Amino acid sequence: MKEDNKLSRRLFLAVAAGTVVNIGLPGLFATVTEARQKSLAEELRADGKPRIPPGQTAIELIEDMGGKPGSPRIEDFRLRVHGEVEHPYTIDFKEFMQFEQSDVTCDIHCVTGWTLLDSSWRGVLLSTLLDRARPKIDKGFVVIEAAHGYTTSIPLADTRKADVFLAHTLSGNPLPRPNGAPVRAVVPDRYLYKSAKWVEGLKVVSRDELGYWEKRGYSNSADPWKEERYSR
């Protein structure tokens, strides 16, 4: 999950006309055609925001999302839900799968400049997991804890959205290890470093805690539509 060097502020994508290309980032990407790019530029979401945030290039396929697999095997997986909650608990993968499952299709946006269209996931909503723990606070943050000591955080209010969840399946198949298996976070309306891979814990806190990339100059709010890539 960790990387030695901070990503360049001037990292640009090589745009191809609907072909599979290597763009200098981990994995292979299939970009959409130039005509489709123009059409997407005019599309709006239900909330009125452009479907493709500024500075992003749309893709439809990605081989992997980067990072070095470091998660436990499924049989060793444990998820700890703790912090300012009434009923902290720890579950294994079998217990995780017993929670109500949700299917979500969404676009996701990487800070490096690509937007993956219509990614299809299955997993458990963060709100479902937190409801069992019963947070003691109404306003605050959830620190997402992952392998290698990686952390990031999102407002507690974001966890109540119907498209913020922990995923175990991508495109109908078990989540590949390079993409975060056994379980990764998906937070579609934030840059992808908020969607931590190889998740091991959810900690409810009243005061925010800067995560790995946020301590190194990346935006803590990470709003793609405001191009909040870096802290100011």
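**Exercise 1. Two strands in a sheet**

How many bridges join strand S8 to strand S13, and do the two run parallel or antiparallel?

*Solution.* This is a predicted model.

Step 1. Find the strands. S8 covers residues 141–146, and S13 covers residues 199–205.

Step 2. Count the links. Six bridges join S8 to S13.

Step 3. Pick out one position. Phenylalanine 141 stands opposite valine 205 in S13.

As background, strands of a sheet pair through backbone hydrogen bonds, either parallel or antiparallel.

**Exercise 2. A histidine in strand S4**

Is histidine 82 buried or exposed? List its contacts too.

*Solution.* Step 1. Locate the residue. Histidine 82 lies in strand S4.

Step 1. Apply the cut-off. A residue is buried when its relative accessible area is under 20%. Histidine 82 has 9% relative accessibility, so it counts as buried.

Step 2. List the contacts. Leaving out residues up to four places away in sequence, histidine 82 touches Pro88, Glu145, Leu202, Lys203 and Val204.

**Exercise 3. Aromatic pairs**

Classify the ring pair of tryptophan 121 and phenylalanine 165.

*Solution.* Step 1. Start with the total. The whole structure holds 10 aromatic pairs.

Step 1. Read the geometry. Tryptophan 121 and phenylalanine 165 are 6.5 Å apart, centre to centre, with 70° between the planes. Planes over 60 degrees apart count as edge-to-face. This pair is edge-to-face.

Step 2. Tryptophan 121 is in S7 (residues 114–125) and phenylalanine 165 is in S10 (residues 165–170). They are 44 residues apart, and the pair links distant parts of the chain.

Step 3. Check burial. Tryptophan 121 is buried, at 2% relative accessible area. Phenylalanine 165 is buried too, at 1%.

Step 4. Tyrosine 193 is in the loop between S12 (184–186) and S13, while tyrosine 218 is in the segment after S13. The pair therefore ties together parts 25 residues apart in sequence. Both tyrosines are buried.

Step 5. Widen the view. Tyr193 and Tyr218 belong to one aromatic cluster with Tyr150, Tyr212, Trp213 and Tyr230.

**Exercise 4. Charges over rings**

Which ring does arginine 132 sit over, and which does arginine 216 lie over?

*Solution.* Step 1. Arginine 132 has its charged end over the ring of tyrosine 89, 4.3 Å from the ring centre.

Step 1. Arginine 216 lies over the face of tyrosine 212, at 3.7 Å from the centre of that ring.

**Exercise 5. The nonpolar cores**

Which element gives the largest share of the largest nonpolar core?

*Solution.* Step 1. Size the core. It has 38 residues. Leu79, Phe96, Leu129, Leu166, Tyr193 and Leu202 touch the most other members.

Step 1. List the suppliers. S4, S5, helix H2 (93–96), H3, S8 and S13 each give at least two residues.

Step 2. Name the main one. H3 gives the largest share, four residues.

Step 3. Find the other core. A second, separate core has 16 residues, including Trp114, Ala167, Leu175 and Leu192.

**Exercise 6. A buried proline**

How far apart are proline 224 and glycine 55, in sequence and in space?

*Solution.* Step 1. Proline 224 is in the segment after S13. Its relative accessible area is 0%, so it is buried.

Step 1. Proline 224 and glycine 55 are 169 residues apart in sequence, yet 8.7 Å apart in space, C-alpha to C-alpha.

Step 2. Beyond its neighbours within four places in sequence, proline 224 contacts Pro53, Pro54, His109, Asp189, Arg190 and Tyr191.

Definitions and conventions
Residues numbered from 1 in each chain as written. Predicted model: local features only at pLDDT ≥ 70, side-chain atom pairs only at ≥ 80, totals over all residues. Heavy atoms only, no water. Pairing = 2+ DSSP bridges. Phe/Tyr/Trp six-rings, centres within 6.5 Å; stacked < 30°, edge-to-face > 60°. Buried < 20%, exposed > 50% of the residue type's maximum accessible area, 1.4 Å probe, protein only. Lys NZ or Arg CZ within 6 Å of the ring centre and 35° of its normal. Contact = heavy atoms within 4.5 Å. Core = buried A, V, L, I, M, F, W, Y, C linked by side-chain atoms within 4.5 Å.
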